[in-house]
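This briefing looks at charged side chains and how they pair. Please have the sequence and the structure at hand while reading.

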Amino acid sequence: MPALVRRGNRTKKVTPKRYVIDCSIPVQDNILDTAPLQKYLQDRIKVNGKTGQLGDVVVVAREGAARIVVTANIEFSKRYFKYLARKYLKKREMRDFMRIVSSGRDTYQLRYYNVGQAEAQSEGEAEGEEDMEDA
């Protein structure tokens with residue numbers, strides 16, 4: 001059943017939105033556990049300007065060992081969850097080698113940076129510059 005949200009002098013129906021953060025790649029490598037991330041989201045999500053008071057409006061749950069599902073009965077932007085996930089990665093000092101990428105309309109996925117490809121490209125460019133200097 002859609003919730004009613006009052007904005008000024010008009011009332012708007014808001015359907016529940018379901019956002020997913022997929023952490024399957026770091027969980028398989030035993031780098032990340034989803035329980036602390038779930039707790040972090042529960043503590044940090046703001047509802048009506050107050051943190052940690054989710055009530056029945058926002059539900060944060062784990063789906064399996066690798067997915068976190070956030071169901072919101074009020075208006076929330078998907079970008080807000082990316083912001084919170086990035087803050088969590090920064091706090092745990094994982095931001096240097098992990099990023100959060102949108103993989104669908106309502107899903108985010110934690111992925112590693114492609115460091116090996118970037119190093120190979122930079123080495124290839126450096127070799128090309130050396131060849132030009134020799135000529």
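Glu 63 is partly exposed, its relative accessible area being 35%. The model is predicted, with a mean pLDDT of 84 over the protein chain and 79% of the residues at 70 or more. A search of the whole structure finds three salt bridges.

- Glu 63 meets Arg 18 in a salt bridge at 2.6 Å, N to O, and because Glu 63 lies in strand E6 (residues 58-63) and Arg 18 in strand E3, the pair ties together parts that are 45 residues apart in sequence.
- Glu 63 also forms a salt bridge with Arg 67, at 3.7 Å from N to O, so that Arg 18, Glu 63 and Arg 67 are linked in a network.
- Arg 18 is partly exposed at 40% relative accessibility, and Arg 67 is likewise partly exposed, at 30%.

**The pair within helix H2**
- Lys 39 and Asp 43 form a salt bridge whose closest N and O atoms are 3.2 Å apart; both residues lie in helix H2 (residues 34-44), four residues apart, which is about one turn of the helix.
- Lys 39 counts as partly exposed at 48% relative accessibility, and Asp 43 is partly exposed at 35%.

**Asp 22, without a salt bridge**
- Asp 22, in strand E3 (residues 17-22), is buried yet has no salt bridge, the nearest side chain of opposite charge being Arg 67 at 4.9 Å.
- The side chain of Asp 22 does reach the backbone nitrogen of Ser 24, at 3.2 Å.

**Confidence**
- Mean confidence is lowest in strand E1 (residues 3-7), at 60, and highest in strand E7 (residues 67-72), at 94.

Definitions and conventions
Residues numbered from 1 in each chain as written. Predicted model: local features only at pLDDT ≥ 70, side-chain atom pairs only at ≥ 80, totals over all residues. Heavy atoms only, no water. Helix = DSSP H or I, 4+ residues; strand = E, 2+ residues; numbered from the N terminus. Buried < 20%, exposed > 50% of the residue type's maximum accessible area, 1.4 Å probe, protein only. Lys, Arg positive; Asp, Glu negative; His and termini not counted. Salt bridge = Lys/Arg side-chain N within 4 Å of Asp/Glu carboxyl O. Polar contact = N/O pair within 3.5 Å; in protein donor to acceptor, adjacent residues only side chain to side chain. pLDDT = per-residue confidence, 0-100.
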